[in-house]
Amino acid sequence: MTPHASLGIRPASLLSLLALAVLALAAVSLAVGYAPLALGQAVADWLAGQKSLPALVVYELRLPRALLGALVGFSLGMAGAAMQGLLRNPLAEPGVIGISSAAAFGAVLAFYSGLSASLALALPLGGIAGALVATVILFILLGRGASTTTLILAGVALNSFAGAATSLALNLAPNPYATLEIVFWLMGSLADRSMSHVWLVLPPMLAGWLLMASTAPALDALSLGEDTAASLGFDLVWLRARLIGGTALAVGSAVAVTGAIGFVGLVVPHLLRPLVGHRPGRLLVASGFGGAILVLAADIGVRIMPVRPELKLGVVTALIGAPFLFTLVQRLRREVL
Amino acid sequence: MAITASEISVMLGGRPVLQQVDAQISPGEVLGLIGPNGAGKTTLLRVLAALLTPDQGRVDHDGASLRELGRGSLARRVAFLAQGGEAPASLSVEALVGLGRLPHRRPFARAGEADRRAVARALTLCDATGFAARAVGTLSGGERHRVLLARALAVEAPYLLADEPLAGLDPQHQLDTLQLLRRISGEGTGVVVVLHDLTLAARFCDRLLLLDRGQRIADGSPVEVLDDNRLAEVFGIHALRGSHAGEPFILPWGRKLARS
């Protein structure tokens, strides 16, 4: 029972530190790869407009990987903090409202239908379509003034349905090879993505981040309960709509382009919460940076580890994330009871 | 200058919770909402605070409708202290009380001098300055109540609506809380408070509004409202009465004597 309200880090300094760490890891991510490469030369060539082989490797292979790692991580981290704030439940994560499963199913459908063979961006487009459909269904299910319980139930229903549909696609897959490919895609990876993936997901992700960030003061108020938040002047229906919409845009795009990467949105907010004085509003952007750090680090990890073919990113984030949860359980047991 | 609720009817789950209830609260006045469990006290308080839109009837602030007033200025006019009071265990007391300043701050603006003064004043009023830096989860029940009240006071609204602020408090803190409410009403705040203790209601409220099964039974001075017939009819009790130093006390003593 010690007073531990704040660890005395100014919000601005914390965000700068996290942003610096993201930049540093992105630089490391550019430097790490399967081909030995003179990075300085490659960047110089690229900047000079020379399409040398090293320049192409950096621009076509490594840059999209680093950028997507940061974008996807930021989306997952921020959406995790947003959902934990909205549902006031430490077990909430971006997938809780069913958008991620629907995005995964949309991508699997694009894969399964053979669209992905003819159209390069069919997978992410299918994923985004899945996320959009799920969001519309969610809003129809919720209507105006729905309670938190309704939201969780609607999320469970969407998750079950999208999960079952994905299993059905696997069940009916024409050959074992197709099944394997779908399963591997679902585990999540940043490998072999291109800049067109980056341009595709950047606008919806930015819009999602802005929507979520705009709710910061309302989330702080909501930590005192729904009536108190409403009495402080916040419209809870509008708050919920912004958070669901923001999560759908950011996480839907993330899953569409990389597959399911678990645990980031669950663990990162927990790790950073003490550093922002337990303010759910301040946690949003900090968790975004934290998510980017975790995903970039895990993606560097899979390339450094002497395991070939490289491990799937979702597997590694879960392997890193789960032990953090164990320590969290320990800490909570000591603190709260 | 008042909050006026006219002919308020509320249905919840197909059951009438309030039927054609009128209520009014003026600045500088302490209005006690009393009545047995399920009488509709909390519902009326939530309607007055604009947390619940009634099925019929309207709430006006100085003649302006809630729509004309708008969400932001309403939040600066009415502070609401919820029953029970949810608060994150790890948040610091000072940060929690500071949330009461949100209606006064532009989104994402830092707390200004006026905000800091209001928080410090609310903490002082509630005798909570000593543990301002502690986490909410480390407080005792009484300290926690005071901090949540300080959060509502930090809004510095002209009206404070409090739902059973005495629940779970020991006698000393019950008296402290009511004296505090009297003090802020003396400074011009209109206070509506849901109470169960009839003696405290009679002693500390200027006016009592008695509800029973969704209907307004009486509205007036404590002496008028709390007569023996009403105690028997509404609460089903008979009470011992007396006075001490000129103030009345009402001691519930037994169930209503069976008649007929």
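**Note on the contact between chains A and B, and on two helices**

1. The contact draws 28 residues from chain B and 23 residues from chain A. The model is a predicted one. On the side of chain B that touches chain A, the elements giving two or more residues are α3 (71-77) and β6 (78-81) of chain B. Of the elements on that side, α3(B) gives the most, with four residues. By residue type, the side of chain B that touches chain A comprises 20 nonpolar, five polar and three charged residues.

2. In chain A, helix α3 runs over residues 53-87, which makes 35 residues. From its first C-alpha to its last, this helix reaches 50 Å, close to the 51 Å expected at 1.5 Å a residue. α3(A) is mostly covered, with 28 of its 35 residues buried.

3. The helix α3(A) has a bend of about 40° at R62(A). A proline, P64(A), follows within four residues. Just after α3(A) comes R88(A), which has a positive phi of about 50°.

4. In chain B, L178(B) belongs to helix α7, residues 171-186. Is L178(B) buried or exposed? L178(B) counts as buried because 23 other C-beta atoms lie within 10 Å, and the cut-off for a buried residue is 20 or more.

5. Leaving out residues up to four places away in sequence, L178(B) touches L200(B) and F204(B). Between L178(B) and A23(B) there are 155 residues of separation in sequence and 21 Å in space, taken C-alpha to C-alpha.

Key:
Residues numbered from 1 in each chain as written. Chains lettered and ligands numbered in written order. Predicted model: local features only at pLDDT ≥ 70, side-chain atom pairs only at ≥ 80, totals over all residues. Contact = placed C-beta atoms within 7 Å. Nonpolar A, V, L, I, M, F, W, Y, C, P; charged D, E, K, R; others polar. Expected span 1.5 Å × (residues − 1). Bend = angle between axes of the 7 residues up to and from the residue. Buried ≥ 20, exposed ≤ 12 C-beta atoms within 10 Å, placed from the backbone.
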